[in-house]
Amino acid sequence: MRPSLWPPPLLLLMLVLACVAHTIGALPQLCDVLRLLQEEQDQCLWELSEERQEDVSPELPAPGCEGLWDNMSCWPSSAPGQTVEVACPRFLQMLTSSNGSLFRNCTPDGWSETFPRPDLACGVNVNDSSNERRHAYLLKLKVMYTVGYSSSLVMLLIALGILCAFRRLHCTRNYIHMHLFVSFILRALSNFIKDAVLFSSDDVTYCDTHRVGCKLVMIFFQYCIMANYAWLLVEGLYLHTLLVISFFSERKCLQGFVALGWGSPAVFVASWAITRHFLEDFGCWDINANTSIWWVIRGPVILSILINFILFINILRILMRKLRTQETGGNEVNHYKRLAKSTLLLIPLFGVHYIVFAFSPEDAMEVQLFFELALGSFQGLVVAVLYCFLNGEVQLEVQKKWRQWNLQDFPLRPVALSSSFSNGTKGSPSEQSWGICRASVI
């Protein structure tokens with residue numbers, strides 16, 4: 001019969017700290033700690049059973065201390081008077097990233113108590129006030145990114161509804177914006193789903209019963225993250241194409257962008273999931289202990305951000321060259337200046353900070369979490385404001401619709417809207433929509 005895996009009070013305290021701190025992704029999850037403990041227990045009991053089988057003899061057993069699993073460490077059989085040394089439990093090494101040793105004396109009366117205390121020997125001080133401060137910081141960070149993703153989700157849904165509602169806004173550029181909005185919406189939803197699935201219960205049995213479901217949630221989460229960065233890359237590619245190529249098929253271009261934005265993340269995430277299944281099938285796949293496997297996800301994201309950064313630098317170079325050209329008119333100068341300012345704003349918005357922290361040391365973890373979670377959660381809100389609510393053509397269409405509604409309420413008012421909004425432009429609605437969309441890039 002398998003011994004129970006209920007930990008002593010010190011170990012239970014460690015597990016609680018691990019569970020709470022990992023809520024925002026800083027430390028390993030409780031289920032991963034318990035899984036590691038179960039593996040350690042199984043390995044220890046197997047080794048002790050093998051040891052007993054080898055020592056079976058008709059003679060009386062020699063006096064000493066029998067092998068022991070103490071719910072934290074595995075102690076091999078020892079003769080009286082010996083001091084046995086074992087490494088710190090693997091779950092504590094996973095929590096603290098530090099090595100240490102624990103000791104027990106084998107006395108005529110049996111095993112002595114473990115010394116020094118496991119928390120002190122293995123680099124975990126549960127009474128340290130810095131743990132409480134860090135815990136409070138992580139909880140505040142969780143509140144901040146929850147507010148950020150919630151506000152972004154609401155504003156993105158409104159912006160997406162506006163772009164879908166007005167036919168005159170339907171063009172390649174706004175279609176790309178709508179796909180970008182959807183990617184940010186999915187990213188916010190995937191964060192909420194991930195938190196709900198991974199941290200909805202502290203029950204130990206929950207770890208095994210929902211393992212397949214939480215793996216699927218993590219696959220969906222990673223796909224949404226990669227799709228979001230892919231559509232940020234599409235925004236940069238389209239902006240660069242508009243400035244470099246005078247005439248191109250926007251329909252074919254959009255089809256290629258859709259394949260890049262939604263198709264390429266599926267390839268990388270599927271490769272990551274298959275690799276995890278065969279090489280690192282631990283827990284809910286939310287801890288990336290094997291860095292080589294994690295680069296299947298991280299590598300394409302960093303590459304897309306680097307390409308976007310290069311594109312934006314080249315866009316600024318082209319704009320500066322156009323501004324210096326003598327043939328550039330007054331309206332064009334203002335347009336290029338506005339475009340240059342927008343491009344400078346988009347460089348940090350499109351995730352350049354991700355590259356800075358991709359190779360950062362562990363000491364910068366709190367700063368990295370602040371940028372990636374707290375500020376990154378408001379990224380969708382900023383994109384919705386820039387691409388929709390501050391967009392001149394969107395404001396024009398909304399004002400036009402508002403005035404039409406007012407005219408319906410007061411039919412005796414003279415109708416004088418055509419001069420305000422048509423600007424003398426005639427043609428089919430699709431031609432007018434295309435002209436409006438090409439008038440300004442952002």
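Reply: The axes of helix α6 (residues 172-198) and helix α9 (residues 250-279) come within 10 Å and cross at roughly 10°, where axes are lines fitted to C-alpha atoms, for helices over the stretch in contact, and angles run from 0 to 180 degrees between N-to-C directions. Because of that angle, α6 counts as roughly parallel to α9, a label for angles under 35 degrees, with those over 145 called roughly antiparallel, those from 65 to 115 roughly perpendicular and the rest oblique. Helices (H or I, at least four residues) and strands (E, at least two) are DSSP runs, numbered from the N terminus. This is a predicted model, in which local features need pLDDT of at least 70 and side-chain atom pairs count only at pLDDT 80 or more, while totals for chains, interfaces and linings use all residues. Residues are numbered from 1 along each chain as its sequence is written, and side-chain values use heavy atoms, with hydrogens and water left out.

On the α6 side, T172, Y175, I176, H179, V182, S183 and L186 meet E250, L254, F257, V258 and W262 of α9, contact meaning heavy atoms within 4.5 Å. The residues of this contact divide into eight nonpolar, three polar and one charged; here Ala, Val, Leu, Ile, Met, Phe, Trp, Tyr, Cys and Pro count as nonpolar, Asp, Glu, Lys and Arg as charged, and the others, Gly among them, as polar.

T172, which has its place in helix α6, touches Y238, E250 and L254 when residues up to four places away in sequence are not counted. T172 counts as buried because its relative accessibility is 9%, buried meaning under 20% relative accessible area, exposed over 50% and partly exposed in between (1.4 Å probe, protein chains only).

Helix α8 (residues 211-244) and helix α10 (residues 291-324) pack at an angle of about 20°, with their axes 9 Å apart, so α8 is roughly parallel to α10. By class, the contact of α8 with α10 has 19 nonpolar, six polar and no charged residues.

Of the contacts between residues at least 6 apart in sequence, 71% join residues at least 24 apart.
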